[in-house]
Amino acid sequence: MSGDNGTTQRIGARRDPERLVISTRGLTKRYGAHTAVDGVDLHVAEGARYGFLGPNGSGKTTMVRMLLGLVYATRGEITVLGRPVPSRVAEVLPEIGAMVEGPAAYPHLSGRTNLALLDAAGPRRDRDGRRRRDRVEEVLERVGLGAIDRRPVRAYSLGMRQRLGLAGALLNRPRLLVLDEPTNGLDPHGIREVRDLLLELNAAGTTVFLSSHLLAEIEALCTTVGVVDRGRLVLEDDLDAVRGPTGRLVVRTPDPDAAARVLGGAVAERHDHTLVVEAAPGGPPALARHLVEHGVPLDGLVEQRRSLEDVVVSLTGPGSDTSRAARRNGARP
Amino acid sequence: MIGVELVKLVRRPRTWVAVGLLCLLPTVVAVFLATTRISPPPGQGAAFLSAVLQSGSLYPAAALALVLPLFLPIAVAVVAGDAVAGESSQGTLRYLLVRPVRRTSLLVAKLVAVVVFVVGSVVAVAGSSYVVGVSLFGAGDPVAVVRALPEVTGSSDDAVAGTGPAAPAGGRGQVGSSDAASGGQAGATRPGAGTGDGTVVADDQAARERAQASVSSLSGEALSPADLAARLLGAMGYVTVSMLGVAAIALFLSTVTASSLGATLGALAALVTSQVLVSLDAAAAVTPYLPTRYWLAWVDFFRDPIFLRDITAGLWLQAGYVVVLMLAAWANFATKDVTS
């Protein structure tokens, strides 16, 4: 196991509690003997693009459901947009747009009718039918479904359903978007469109909370990352801080042997024409000067930075449900 | 939210298929009756069928009798069982709840939609069968069937039950009022006379003779159209209320399981169990509390004068089921983890 509650790594500064859109304390959910979410302290700052990353079966969706008042926590506190959840979730939800575990719609109705029904089911404000129609058209336009016909949702591709789900999440003009795997089933073009849309919304002030098992998606979109593993939050930090320098330098040279001779014990790793070197005082400029003075030709010299992938792999276990089950079986006497 | 649920109900093809099938069965029966002119002898076949050849305007009552035992409960159980479980398995439940729709309002809206479906189905069956009946059999004089129903005027329960032709009055008088009540029920299940099912086998022959004698001896004044309409409306209302009990069972189960089919079949299983126990003398202790116990009391609207005892008991019973089950559904649904 990855340790106790205190092991969540947080390199950056504590976030100002006044500016938190989502915060949880000791959030725990048990289903019988199985603990799906275990003592999670989550902090999502206003205006952030927060990536909630974890392998399948790590408790992401349960967490998202608890934030939205769909699932009740066994223990712990949740505050969303300044109000306690689930006790006052009804006041919070009108300001949230959500997509949980894939889109869903009535298959025999058109996408437009589905949205109109979902819209009409909402809070009592804006009962005016005309504004409502406009709103439905507007969100359809935003997700690139402005031209959809009257085909029933049954006939939609997964990508179209995904866009429809996103459109539904935008109906409220939300302050906070909670999206679970929003680019599932989209082609690369669609993924780019959704990403641009989220960036645009975020620039206009919407906080985006995005859960995904896809590292690349989070790396491409998010400013902050929370990594969850087997129900525990093992890392929560700004993405830039996570991908910080490792304290080593990467040297590329056509003459690695000469470089290795010159650098001696400072070489940590060596692959073909690349050497990883412990940083000496003075950083890259000093090292470059040192090598050149000793006649070692250089192709390149950069700081080594951690990739999000390295960090996640080092912090999380070998991953999802199957391997966990296998491990558990193996551990049995 | 209620409006949204009604739109969903109306725009769902299944709703119309169900209503169409409900109307189809009485129509098929009417066509056979009209082409052959062979009516079941009084006391056999569904209630009222023997009389409709004389008066098509009674056909709505016959149609209700045809759909009540099986078709109508199935349709109601399908719609009510799907109400929450269907949204849940479809995934739309979570999107409604985060829209947000409060769980209580969702449940109330679902209940209202189911009630509308029940009312609509009963009205559709009665309306279509009235048209079919009058056009195939003529408007006729609807008096006969009313006269053919067993007289049920009496002061005490025993006396009341005893007057029903199907009641095993003489043989089992000592068993007491609950048995007498079930005797009355048997009389109601076979208006126009009680051909026996399990409960009244011994008296079957005698009952039929008595019933036929009563039919042939009857003559009476014609019911005025207004009177007939009022009685029909009463019967339709009573059938609706009876079906609300079914709806409450299915709706409750629908909040328990994520499978519409499970909820529907569960409700139907409860009804079958109830039907079996109602006809089982050994279960007499619980019979008055079974949901199907007073289902057929709507026939009493066609007695002269209208016989209210079983109707009242049935209304109270269904109200009890609806209140208890809806509270249970609410308690379950409001505190439930929505994980679908």
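Author: Let's go. Strand S10 of chain A, residues 224–229, pairs with S11(A). The two run antiparallel over 6 bridges. Keep in mind that this is a predicted model.

Reader: Which residue is the bridge partner of Thr224(A) in S11(A)?

Author: Asp238(A) is the bridge partner of Thr224(A).

Reader: What strand order does the open sheet of 6 strands have?

Author: The order is S7-S8-S9-S4-S10-S11 in chain A, and the pairing is mixed. The edges are strand S7 (96–99) and strand S11 (232–238) of chain A, each pairing on one side only. Neighbouring strands of this sheet are turned by 10 degrees against each other on average, ignoring direction.

Reader: Which strands does helix H1 of chain A lie across?

Author: Helix H1 (60–67) of chain A lies across strand S4 (49–53), strand S8 (176–180), strand S9 (207–212) and S10 of chain A. H1 runs at about 150 degrees to S8(A).

Reader: Next, the 4 strands in an open sheet. What is their order, and how do they pair?

Author: The order is S13-S14-S12-S15 in chain A, with antiparallel pairing. Strand S13 (267–271) and strand S15 (300–305) of chain A are the edge strands. On average, neighbours in this sheet are turned by 25 degrees against each other, direction ignored.

Reader: Which helix packs on that sheet?

Author: Helix H10 (283–293) of chain A does. H10 touches strand S12 (245–252), S14 and S15 of chain A. The direction of H10 makes about 145 degrees with that of S15(A).

Reader: And S13(A) with S14? How many bridges?

Author: There are 4 bridges between S13(A) and strand S14 (274–278) of chain A, in the antiparallel sense. Glu269(A) has Val276(A) in S14(A) as its bridge partner.

Reader: Where do side chains point along a strand?

Author: In a regular strand, side chains alternate between the two faces of the sheet.

Reader: Back to the start of the chain. How many residues lie between S1(A) and S2(A) in their hairpin?

Author: There are 2 residues between them. Gly32(A), in the turn, has a positive phi of about 60 degrees. Strand S1 (20–31) and strand S2 (34–40) of chain A run antiparallel, joined by 4 bridges. Leu27(A) stands opposite Val40(A) in S2(A).

Reader: Zoom out. How many helices and strands in chain A?

Author: Chain A has 12 helices and 15 strands. Of its 333 residues, 40% are buried. Take the contacts in chain A between residues at least 6 apart in sequence: 70% join residues at least 24 apart.

Reader: Switching to the interface. How many residues of chain A are in contact with chain B?

Author: 23 residues of chain A are in contact with 23 residues of chain B. S7 and helix H3 (111–121) of chain A are the elements that give two or more residues to the chain A side. H3(A) gives the most, with 4 residues.

Reader: What's the makeup of that side by class?

Author: The side of chain A that touches chain B has 18 nonpolar, 4 polar and 1 charged residues.

Reader: Where does UniProt place "transmembrane region" in chain B?

Author: The unreviewed UniProt entry places that feature at residues 16–38, 58–85, 106–132, 228–253, 265–291 and 311–333 of chain B.

Reader: What does the model show over 16–38 of chain B, helix or strand?

Author: Residues 16–38 of chain B are 91% helix and 0% strand, with end C-alpha atoms 31 Å apart. Residues 58–85 of chain B are 86% helix and 0% strand. The end C-alpha atoms of that span lie 39 Å apart.

How values were computed:
Residues are numbered from 1 along each chain as its sequence is written. Chains are lettered from A and ligands numbered from 1 in the order in which they are written. This is a predicted model: local features need pLDDT of at least 70, side-chain atom pairs count only at pLDDT 80 or more; totals for chains, interfaces and linings use all residues. A residue is buried if 20 or more other C-beta atoms lie within 10 Å of its own, exposed if 12 or fewer, and partly exposed in between; C-beta atoms are placed from the backbone. Two residues are in contact if their C-beta atoms, placed from the backbone, lie within 7 Å. UniProt positions are given in the numbering used here, feature names are shortened, and annotations may be inferred rather than shown by experiment. Two strands pair if DSSP finds at least two bridges between them. Axes are lines fitted to C-alpha atoms, for helices over the stretch in contact, and angles run from 0 to 180 degrees between N-to-C directions. Ala, Val, Leu, Ile, Met, Phe, Trp, Tyr, Cys and Pro count as nonpolar, Asp, Glu, Lys and Arg as charged, and the others, Gly among them, as polar.
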